Amino acid sequence: MVGKAAAVNVFATPYEVWTRRRTTTEEMLDLHKNKGLSLIEAFEVKDKLTEVVSTHTEAAIRMLRVGADNGLERHIDNALDTSAEYRDLRDLMPPDVPEALSSYQGEFSEDNLPLADEAIKAHGVEIAEGQFLFHGGHWPGDRSSFNTSRPFSTSFCPQVALRNAEWKGKAYDAGRVDLMVVRVTQPKTKAYAYSREGNHGNEKEVVFASGAQLTRVRETHIVNITAYKITSDLQQKKKTVPAYLVEVEVS
């Protein structure tokens, strides 16, 4: 596969956060009769606009602040559904996901990593300059830059990235959460954009091959959150950890 799609901007149309209020009986009937809404749909209406998210950085900050926002994820799903740039990117991928990449996404076994890495390099493409993605995890220490030694997974959605940062107690063990806004700069590393269909399509994943250079531009403490971990005897442990927005460049 050759070629390169333009950057996909899931916030070309900003995401709006509204409070909602119950409608009066008169309003409900009007919405039902004249606007074609069901009575359930007409039960509540938008009231006050409280926040507008128009950049990936704003989306990451909101996600750290509120912890979960299914409305934001639906906004991103809808944006990808209608994005010509995303469709072009997916068209550069092979029609069937390579077996090594299917196993990598479904099982995420350490044994799968070498074959998955080879498949990304064979079937992936360079992602467009200026593309923004999200990664949830832990920036390694005080290093300002490093080259990855294994596939590097990202998502179009900050909610998916944050859940990955918390997965299996990773945030608890690290003592912090890093939600990374990743900007593609001077791309030279191949990446594979997974389909949004199938069991893991909700992850909206783009995975880079090993050898990608990651450079930390800045980090900002946003909030303290509660991190959880299930122990081997199925007890739940929790503690408060700092959560950071980490702005990163990948090439």
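**Figure 1. Helices H5 and H6 cross with a left-handed sense.** In this predicted model, the axes of helix H5 (residues 99-107) and helix H6 (residues 113-123) come within 8 Å and cross at roughly 125°.

Figure 2. Within helix H4, which spans residues 84-91, the residues Tyr 86, Leu 89 and Arg 90 are buried. An α-helix has 3.6 residues a turn, so residues three or four places apart point the same way. The elements that cover the buried residues of H4 include H3, strand E3 (125-126) and E8.

**Figure 3. Asp 69 and Arg 62 form a salt bridge.** Side chains of opposite charge can pair when their charged atoms come close. Here the closest N and O atoms of Asp 69 and Arg 62 are 2.7 Å apart. Asp 69 is buried, since its relative accessible area is 7%, and Arg 62 is likewise buried, with a relative accessible area of 10%. Both values are under the 20% that sets the limit for a buried residue. Across the model, the count of salt bridges comes to 17.

**Figure 4. Glu 73 in helix H3 pairs with Lys 204.** The closest N and O atoms of this salt bridge between Glu 73 and Lys 204 are 2.7 Å apart. The pair links distant parts of the chain, for Glu 73 belongs to helix H3 (residues 70-81), whereas Lys 204 lies in the loop between strand E8 (190-193) and strand E9 (205-208), 131 residues apart. Glu 73 and Lys 204 are both buried.

**Figure 5. A network of salt bridges includes Asp 81 and Arg 196.** The side chains of Asp 81 and Arg 196 meet in a salt bridge, with N and O 2.9 Å apart. This pair, too, links distant parts of the chain, with Asp 81 in helix H3 and Arg 196 in the loop between E8 and E9, 115 residues apart. Arg 196 is partly exposed, as its relative accessible area is 24%. Salt bridges link Glu 73, Asp 77, Asp 81, Arg 196 and Lys 204 in a network.

Terms used
Residues numbered from 1 in each chain as written. Predicted model: local features only at pLDDT ≥ 70, side-chain atom pairs only at ≥ 80, totals over all residues. Heavy atoms only, no water. Salt bridge = Lys/Arg side-chain N within 4 Å of Asp/Glu carboxyl O. Buried < 20%, exposed > 50% of the residue type's maximum accessible area, 1.4 Å probe, protein only. Helix = DSSP H or I, 4+ residues; strand = E, 2+ residues; numbered from the N terminus. Contact = heavy atoms within 4.5 Å. Axes fitted to C-alpha atoms, helices over the stretch in contact; angles between N-to-C directions. Left-handed = near helix turned anticlockwise from the far one by under 90°.
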